[in-house]
Amino acid sequence: MNWLSLLGLEGWVARWRAAAIEGAIAAEDRITLARLELDDLKRRLAQMIVMLILFGALAVLALLLLSLAVLVQFWDSPQRTLVAWLLAGGWLVACVAVLLTVVSLARGLGNAFAFTRRELGNDWKLVKGKL
C-alpha cells in the first residue's frame, strides 16, 4: 500500500525530489565553474611571476650597465655630480612607476572568481524569490 498516494502527497514529493536533483546539478555546475576559474587564475599568476622575475633580472642588468655608461661618459666633466643625481632621480621615478603598476595588478587580482560569484548571487536571488 502506497501511503503517499493515499495521502495525496505523491506529487509534492516528486516536485521536491526534482528540485533537489536540479539543485545538486546546479551546485555541481557551480563547483566546476569555480574550479575552472581557479585553474585559470593559477596559470595566469604563474606566468606573471615567471615574467616578472625574468623582466626584473634583465631590467636591472640593462639599467645598471646604462647608468655605468652614463657615469663613465661624464666622469671627467664638471657635470658628473649632476649626472649622478639625475640618474638617482631617474631610478627613483622608475621605482615609483613599478610600485604603482604592482598595486594596479594587485587590484586586478581582486576580481578573481567574478563569474562564480555572479552565478551564486543569481542563484541566491532565485531561491529567495521562490521562498
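Which helix does K125 lie in? K125 lies in helix α4, residues 114–130. Before going on, the ground rules. This is a predicted model, so local features need pLDDT of at least 70 and side-chain atom pairs count only at pLDDT 80 or more, while totals for chains, interfaces and linings use all residues. Residues are numbered from 1 along each chain as its sequence is written, and side-chain values use heavy atoms, with hydrogens and water left out.

Back to K125. Is K125 buried or exposed? K125 counts as exposed, because its relative accessibility is 60%. The cut-offs: buried is under 20% relative accessible area, exposed is over 50%, and partly exposed is in between, using a 1.4 Å probe and protein chains only. Now look across to C95. K125 and C95 are 30 residues apart in sequence. Their C-alpha atoms are 46 Å apart in space.

Next, the overall build. The protein has four helices and zero strands. From the N terminus, the order is α-α-α-α. Helices here are DSSP runs of H or I with at least four residues, strands are runs of E with at least two, and numbering starts at the N terminus.

What is the radius of gyration of the protein? It is 31 Å, whereas a compact globule of 131 residues would have one near 14 Å. That radius is taken over C-alpha atoms, and the globule rule is 2.2 Å times the number of residues to the power 0.38. The C-alpha trace spans about 110 × 25 × 10 Å along its principal axes. Buried residues make up 8% of the 131.

Now helix α2, residues 10–73. It has 64 residues and reaches 93 Å from first C-alpha to last. The expected figure is 94 Å at 1.5 Å a residue, counting one less than the number of residues. Its buried residues are V13, R30, E37, L41, A59 and S67.

Take two of those. E37 sits in helix α2. Why does E37 count as buried? Because its relative accessibility is 14%. Leaving aside neighbours within four places in sequence, E37 is in contact with F113, A114, F115 and T116. Contact means heavy atoms within 4.5 Å.

R30 is also found in helix α2. Not counting residues up to four places away in sequence, R30 touches T116, E119, L120 and D123. R30 and L120 are 90 residues apart along the chain, yet their C-alpha atoms are separated by 7.5 Å.

Compare that with L105, in helix α3, residues 80–109. L105 and L120 are 15 residues apart along the chain, with C-alpha atoms separated by 25 Å. L105 is partly exposed, because its relative accessible area is 37%.

Across the protein, residues 24 or more positions apart account for 63% of the contacts with a separation of 6 or more.

One last side-chain detail. The charged end of R80 sits over the ring of W75, 5.1 Å from its centre. The test is NZ of Lys or CZ of Arg within 6 Å of the ring centre and within 35 degrees of the ring normal.

That's the tour. Questions, please.
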